[in-house]
Amino acid sequence: MKRKSRKCKAKSNLKTVKLGLDPENAIEITDSDNECTEELWTMSYAIVAEGLTKKFGKFLAVDNISFSVQEGEFFGLLGPNGAGKTTIIRMLTGVLKPEVGRIKIDGVDLDKEPLILKERMGVIPEVGTVYLDLTARENLDLFGRYYGLPKKLRDERGERLLRELGLYDRADSLVKNFSKGMRQRISIGCAILHEPKVLLLDEPTEGLDVQSRRMIVEKVKGLNAKGSTIILTTHNIEEASRLCQRVCIIDKGRIVAIDSPEHLRSTLEKLQSVEVSFNRRVDPSLFSAQCISRVEEQGDKLKIFTSNPDEAIEKIMAVKKELVLNIVSLSTVGPTLEDVFVKLTEAHT
Ligand SMILES: Nc1ncnc2c1ncn2[C@@H]1O[C@H](COP(=O)(O)OP(=O)(O)OP(=O)(O)O)[C@@H](O)[C@H]1O
Ligand SMILES: [Mg+2]
């Protein structure tokens, strides 16, 4: 495998990433993981991906992506359709080979020891891998054998997982007769039966009902609490925000930000807003002020975007006084991770 980023800026571990926003909203995030250094490769991270690049024909699906994940970390990959998330997961699991770049998991170079790593990993791919012509119990047993678990352990853990995943009553039914949510639950069971050190999940809760989603999330959280490192790709920003210690936002095959959900939210101060409703409709254009970047009318509310909520509220009060209005409700709203995600990815569309 060719390696491109070996001579990456030797000791400058800290890198400032200018995010692709319009000039008015441009922000800078200081980020230490967006580009790996030679040292990073030798340090003990659970996962190091360095300079990953993948082309399909002439199409560049993943473009020189580097990140590292600490042991026990819950790490999210977020991005719009076609961003390259599944391609990254497939490279991390050894299904696809990057043209350029290298991957180390649990201290082992994936290119050199793929089989050792397969035993330490659990994977929920985008398209399920469970066997439809086997029962739930048989699937668990087969995966247990793949991972070399002795029969007693396979039986014990299989039984426990069938109960925990709410499949005990259907343990001996063929998986092809399962609903989507039930199939996803048994996929989770098969991926975690061997209690992997690293679990890679590609949209495990997509299209599931609340109960199935909760069950899967609880199971994955439990595994993480016991020390497993998790990479989760999802479109569910709220879920990523709740579960992940850091999220990596990908767009068009490139990283646009890596940070904690909280820090991403606070960095985009201009996405703070004040929501106000009055006893009658007010023309949004009356709220023009330097501290106010935009005003949106949302039903009976006005959403006033500002970098300084305090000053924005003063402006609201001035308009209220001038027009002799009553305030029905007023609240300040921090940017949601969804606001951040849209902002970071819209500049590319
Ligand atoms: N085997 C393949 N052959 C050709 N192009 C591919 C292949 N796999 C992926 N691509 C392309 O690479 C890009 C990234 O695809 P990928 O599946 O990684 O996106 P994604 O972020 O997982 O999207 P989604 O959110 O829809 O699952 C897309 O443009 C896709 O069409
Ligand atoms: Mg995908």
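Two strands pair if DSSP finds at least two bridges between them, and helices (H or I, at least four residues) and strands (E, at least two) are DSSP runs, numbered from the N terminus. This is a predicted model, where local features need pLDDT of at least 70, side-chain atom pairs count only at pLDDT 80 or more, and totals for chains, interfaces and linings use all residues. Residues are numbered from 1 along each chain as its sequence is written, while chains are lettered from A and ligands numbered from 1 in the order in which they are written.

**Exercise 1.** Work out how E14 and E15 are joined.

- Start with direction: E14 (residues 292–298) and E15 (residues 301–306) run antiparallel, with six bridges.
- Now pick a pair: Ile292 has Thr306 as its bridge partner in E15.
- Finish at the turn: two residues sit between the strands of this hairpin, and Gly299 takes a positive phi near 60°.

**Exercise 2.** Describe the shell around ligand 1 (C-beta atoms, placed from the backbone, within 6 Å of it).

- Look for the residues: among them are Phe56, Phe59, Asn81, Lys85, Thr86 and Glu126.
- Then the elements: strand E4 (59–69) and helix H2 (85–92) each give two or more residues, and H2 gives the most, with three.

**Exercise 3.** Find what Leu200 contacts (C-beta atoms, placed from the backbone, within 7 Å).

- Skip neighbours within four places in sequence; that leaves Ile89, Leu92, Thr93, Met121, Val123 and Ile231.

Key: Contact = placed C-beta atoms within 7 Å.
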